[in-house]
Amino acid sequence: MRLLVARCSVDYTGRLAAHLPMAIRLIMVKADGCVAIHADGGAYKPLNWMNAPNHLEESPGRWVVTNPKGESLVITLEDVIEDRSIELGPDPGLEKDGVERTLQHLLADRAAVIEPGLEILEREYATDLGPVDLLCRDIGGQVVAVEIKRRGEIDGVEQLTRYLERLNRDTTLAPVRGILAAMTVTPQARTLAAARGIGWVEVDYDLLRGLEGRAPRLFEV
Amino acid sequence: MRIRAERDDLVDVLSRAGRAVGARAALPILQGLLIEVSGKTMRVTGTDLDVTVRTELEVEVLSGGTTVAPARLATEAVRKLPPGAVTFQAEAGEIEISGGGPVFRFREFSAADYPKLSEPVLKAAVAVDGAAFADAIGQVSVAASTDDARPVLTGVFFEAEGGKLRMVSTDSYRLAVRDVPAVEASLSGLVPVRALKELTRTVSAGKLRVAVGDREAAFASDRGVLTARLIEGSFPNYRSLIPASYPNRLRIARQALLEAIDRASLVAEDHIPIRITLQKGGIELSVTRQDVGGETEHVEAEYSGEEMTIAFNSKYLNDGVSAIDEDTIVLDVLDPLKPGVLRGGEGDDFLYLLMPVRL
C-alpha cells in the first residue's frame, strides 16, 4: 500500500469529466493497482478512484492513471508532503456477523437448498472486488454466484451485480448468473434482482440449523 | 525473447500452466505466466502460490530470455489465431503474438516481480500409473470438504500403507479410502483436493511420479510438473472410525441401486434422507417428503444379517455408490446409528464409510 499525502488537483475523463481543484489530499495506491483519492472526511468512498486493472505512469509533478476502458485520471502534484509504502500482507477478509457467517457454512454444505441440483465449486471465491460467498454450478453446468445475506436488500443486489460483471469477464466461468440468498429478501431487492436477471431465495436459518443437528458426523470437527 | 511454435502446441502449454492462475490472484503479477526460453525449450509456469503448474514445449528458439505474460489474454490470443505457426516475442515491455496475419500486443509484466518459486523436489518420488491415479483421485475427492473454515478436511491425506500409496479424504459425514499400487511408497502429507482435481487437466499422463515433502507435494510426468503446498494440521485418525467387522452384509447390483437412488432423489432433495430397509431378498428403498409425497421400491439383492432400517443422505449415498467401479456393491452395517461401509464386491482397494442419518 502506497500512501501519498500531497497538495494536488485531479482530472477524470471517461464516462463524464470531473475536476477536483487544488487541495491537500490522500492518494492511496493499493497492491492490486487500485488508485483512490481521499479528502479528510467521510468514510463512505473516495473523492475519485480507478479500479484495477489500470496503468499508472509517474512523471515529476504528474501522475496519469489509465485503464483499458479509455478512462483516465490525471493527478497534478504541487507539493508532496508524505510518500510512504507499507506492506500490509495477506488480507484475512471481513469478519461477518455470526448469523451470516453460519448461514454461509450451512448453505455451503447444502447448496441444493438454494436451488435443486446446485453444487458448490468454491467458497469465498476471490474477485478483484472482493470474495463471492459461494461459487456454484447448476444442474445444467452453468456457473452460479451466490451472495448470502441475513437480510437481502438493494445493497446486496448491487454487490452481486458488481461481482457478476467481474466474473463474466472470465471466459473460463462465463456465462455466470447470480442468486441472492437471505433469510428475508425485501420487496425492493426482489424487484431490482428481477430487473437484472438475478434470482433470489429466502432460506430458513432455523431449519438449516436443525438439519445440521440431524446429520450425525463420523467425528467432531 | 522470441520463439516460434505451432498454435495448438502453444495453446496447450499455456492453458495447462494457466490452470494454476486463478481469479483469486492476491498480487497482479500472479495473473501472469512466467515464460523462460533457453536451448530449444520454452518453459511456462503458472501459480497462485498454493498450486504451481510447470509445462514445457520444444520450440524454434529465435532468441532466449524470460518474460511474464498476462495468462488469460496471451492464451486466448494464441487460441484465436489461425492454425499454423505462431511467433511469440517479448521486447521493450511489450509482448507480441502473431501468426497468419493478426498481431496481438500486450503489456509485459516485470519478470523481476515474479515470485521466486522453489524447484520441485522429486528425488523421493514414487512411480504410479497415471490413469489409475486419476481414477483414485476421482474416487476420494468426492468425500473431501469444500468448507474452507475446516482446511484439514479440504485435503486428501497421502500415506504409505503396505507398499501401496493410500489416499484418504473426509468431510466428517463420509470418508473415502483408496489404495494405489506404487513402487516404494514412503510418503505422508495432506494435499489440497483442488490441486489434485487440476492434476488430470494439467500434467497427468500414463506414468506419473508422486513426491510428498515437508511442505509441498509434487506430481511429475512428461507433460509437466504440478506442485501443491501441503495443508498444515492433523488429519483425523481415520483408522479408528472403520469398524473391524460387520455382522450384516448386503450385496447388490450397482446399477440397480444407482437407478433406485436417482428415482428417490427426485423427491428427496438434498436434506431428506433415503430410508433403506435391509431384509432377506433385497431392500425396500423409500423416501417421504412432507407436503409433497414420496417414493417406494424394492430392489433385489442378497442380504445376510438382522433386518433393520437405516437412512442415508441421498447425495452422500449416491457419491459413494458412483465412486465404486464394479458391478456389485457391498454394504456392511453394524446398526442403524453406526457408520456403514460401501465397497466393491471384488476389490478391496476402495472403501467409503458413510454416517447414517437419524430417523
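1. Let's start in helix H1 of chain B, which covers residues 7–18. Asp12(B) and Arg16(B) sit 4 residues apart there, so about one helical turn separates them. Their side chains form a salt bridge, with the closest N and O atoms 3.1 Å apart. Keep in mind while you look at it that this is a predicted model.

2. Staying with chain B, have a look at Glu60(B) and Arg4(B). They form a salt bridge as well, and the closest N and O atoms are 3.3 Å apart. Glu60(B) belongs to strand E5 (residues 60–63) and Arg4(B) to strand E1 (residues 2–6), so this pair ties together parts of chain B that are 56 residues apart in sequence. Both ends are partly exposed: Glu60(B) has a relative accessible area of 41%, and Arg4(B) comes in at 30%.

3. Glu202(A) and Arg190(A) meet through their side chains in a salt bridge, 2.8 Å from N to O. This one links distant parts of the chain, with Glu202(A) in strand E12 (residues 199–202) and Arg190(A) in helix H3 (residues 187–195), 12 residues apart. Glu202(A) is partly exposed at 38% relative accessible area, and Arg190(A) is partly exposed at 30%.

4. How many salt bridges does the structure hold over all chains? The count is 35. As for the background, side chains of opposite charge can pair when their charged atoms come close. Some of these bridges share partners: Asp128(A), Glu165(A), Arg166(A) and Arg169(A) are joined that way into one network.

5. Now for where the chains meet. On the chain A side, 30 residues are in contact with 32 residues of chain B. About 2700 Å² is buried between the two chains, and carbon and sulfur atoms give 56% of that area. How many salt bridges does the rule find across the interface of chain A and chain B? It finds 0. What the rule does find there is 3 residue pairs in polar contact, both residues being at pLDDT 80 or more.

6. Which elements of chain A give two or more residues to the side that touches chain B? They are helix H1 (98–109), strand E8 (119–127) and helix H4 (205–214). The largest share, 7 residues, comes from E8(A). Sorted by class, this side of chain A has 14 nonpolar, 5 polar and 11 charged residues.

7. Together E8(A) and E9(A) form a hairpin, with 2 residues between them.

Terms used:
Residues numbered from 1 in each chain as written. Chains lettered and ligands numbered in written order. Predicted model: local features only at pLDDT ≥ 70, side-chain atom pairs only at ≥ 80, totals over all residues. Heavy atoms only, no water. Contact = heavy atoms within 4.5 Å. Buried area = accessible area lost by both parts, 1.4 Å probe. Salt bridge = Lys/Arg side-chain N within 4 Å of Asp/Glu carboxyl O. Polar contact = N/O pair within 3.5 Å; in protein donor to acceptor, adjacent residues only side chain to side chain. Nonpolar A, V, L, I, M, F, W, Y, C, P; charged D, E, K, R; others polar. Buried < 20%, exposed > 50% of the residue type's maximum accessible area, 1.4 Å probe, protein only. Pairing = 2+ DSSP bridges.
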